[in-house]
Amino acid sequence: MAFLYEYIVNNFITLMILLSLTATIIVNKRLAVPATKYFAAGIVTLFLVTVADTVNICIEQNMIFASDVNKQFSLHVTMTVLDFIMQPLVLMLLSFIVIPNRRYLPLFAIPAVFNAVVYISAAFGSTAADLIVVGSNWRRTIFGMSVYYVEMFYLALLMLFSVIYFKWDEFKRSVIVLLIVLQFVLVVVLDGIGILRGYNNEIMAMGILEYYFYLSVIHQHEMHDAITQKELTITNHKMSLLRTQMHPHFIVNALSIIRSLVKRDTAKAVQCIDAFADYLKVHIQATQTDELIDFEQELRHANAYLSLVQADRSRQIEIKYDLEVTDFRLPPLSLEPLIENAVKYGTGKDNGVIVISTRETENAVELCVADNGTGNPEQSRQMKSTGIGISNTRQRLLIQCGGTLETKQTDNGMFVTIIIPRKAEVKI
């Protein structure tokens, strides 16, 4: 009980910092801050250092083994060895966070291993370190400063790789890293020359906490940049929809068909005007939302395009439907580009057939557009196409709902299949 009281009193600030850091790591678990395992290992290591320090304090105050000097001395040596081994490990773990090539981690661990060997050997009577008693003083030998040299080595690594990691063009970030490292340098140097003692653990804990918060902020910025880039990609795809799918040639051709129908079939001309208005409306709306739409709505949009195509008497195209399922959602303008591709390159002027079919599998919906064209593989169709094309549609499906698009060329025509996971219907 006395030891626990002494431990809390002597390490209160350090414990509060480590507790705060531990709570922050747990709360941010889903954020997946890089190298969190090294921070966790650093917390455990520093905790062991505080225990060793407190045991030494209790020995000095004769709170432990007061009647047995030999046991006191053995325990004192053991705790001091543990202390001098663990202190450089804290800095080593921090430097491991920013070392870019993980294959070199064993190489960079050599100084810490060397330091551990020096002080472990002292526990068995070696004079390699400064743990041999002469009278009432510690004797410092040639390797007695190894703990400080190793700590400075890892501080140099931490500073070097931190600056490299955050790049020179991000000067403000690099300055913050240098300031954090400077705290470690000051406490190591001042403690080593005997000017400032008793603040190692507090400064170490504070530095770890600062470094974790700093990396968390950097990680959040990177995530924000990634999300922004994804949104930009989606925006570019939507603008590509508007620019490339609304072909001037098709629009001019549709207006010419409507003009000719006005003179000979007014009712048909009105139908084509309505279909043309729907065609334009759909393409403009598709650039203004990321929401999935009902398949039946997408099918109506595709039919608006088909009605304009079929109004052209020079094209004889038959549309067949085999719809086993219609209650699913997909990105707007996913179906029409496939139909357009089939109209342009999968059918001739005579006896062209396009089949639109859907079916439900165990955990997905499959939407297929097949044509009876032959001898036109996907690559040549893509090279000829001036529209959205299969590639663009495939990318939009992946981004917006996790869907996939597959193509298969046979002697009977091209089959283009969209596969939409059922869970994706509520993703956006």
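User: In which helix does Asn-200 lie?

Analyst: In this predicted model, Asn-200 belongs to helix 9, which covers residues 200–245.

User: Does Asn-200 count as buried or exposed, and why?

Analyst: The test is a cut-off: under 20% relative accessible area means buried. Asn-200 has 8% relative accessibility and therefore counts as buried.

User: How many residues along the chain separate Asn-200 from Leu-186, and what is the distance between their C-alpha atoms?

Analyst: The two residues are 14 apart along the chain, and 9.9 Å lies between their C-alpha atoms.

User: How should I read a strand, with its two faces?

Analyst: In a regular strand, side chains alternate between the two faces of the sheet. Take strand 7, residues 364–371. Ala-364, Glu-366, Cys-368 and Ala-370 point one way, while Val-365, Leu-367, Val-369 and Asp-371 point the other way.

User: How many residues of strand 7 are buried?

Analyst: The count is 8 of 8, and strand 7 is described as mostly covered. Residues pointing either way are buried, Glu-366 and Asp-371 among them.

User: Which strands pair with strand 7?

Analyst: Strand 6, residues 352–360, runs antiparallel to strand 7 and is joined to it by 7 bridges. A hairpin of 3 residues links strand 6 to strand 7. Across this pairing, Glu-366 of strand 7 has Arg-359 opposite. Strand 9, residues 413–421, also pairs with strand 7 in the antiparallel sense, over 7 bridges. There, Ile-418 of strand 9 is the bridge partner of Leu-367.

User: How do I read the way helix 2 and helix 3 are placed against each other?

Analyst: Look at the axes and the angle between them. The axes of helix 2 (residues 12–27) and helix 3 (residues 36–60) come within 11 Å and cross at roughly 160°. Angles over 145 degrees count as roughly antiparallel, so helix 2 and helix 3 are roughly antiparallel to each other. Their crossing is left-handed.

User: Which residues meet where helix 2 and helix 3 touch?

Analyst: From helix 2 come Thr-14, Leu-18, Leu-21, Thr-22 and Ile-25. They meet Thr-36, Phe-39, Ala-40, Ile-43, Leu-46, Phe-47 and Thr-50 of helix 3. By class, this contact has 8 nonpolar residues, 4 polar ones and no charged ones.

User: How many helices and strands does the protein have, and what share of its residues is buried?

Analyst: The protein has 15 helices and 9 strands. Of its 428 residues, 49% count as buried. Among contacts with a separation of 6 or more, 73% are between residues 24 or more positions apart.

Definitions and conventions:
Residues numbered from 1 in each chain as written. Predicted model: local features only at pLDDT ≥ 70, side-chain atom pairs only at ≥ 80, totals over all residues. Heavy atoms only, no water. Axes fitted to C-alpha atoms, helices over the stretch in contact; angles between N-to-C directions. Helix = DSSP H or I, 4+ residues; strand = E, 2+ residues; numbered from the N terminus. Parallel < 35°, antiparallel > 145°, perpendicular 65-115°, else oblique. Left-handed = near helix turned anticlockwise from the far one by under 90°. Contact = heavy atoms within 4.5 Å. Nonpolar A, V, L, I, M, F, W, Y, C, P; charged D, E, K, R; others polar. Buried < 20%, exposed > 50% of the residue type's maximum accessible area, 1.4 Å probe, protein only. Pairing = 2+ DSSP bridges.
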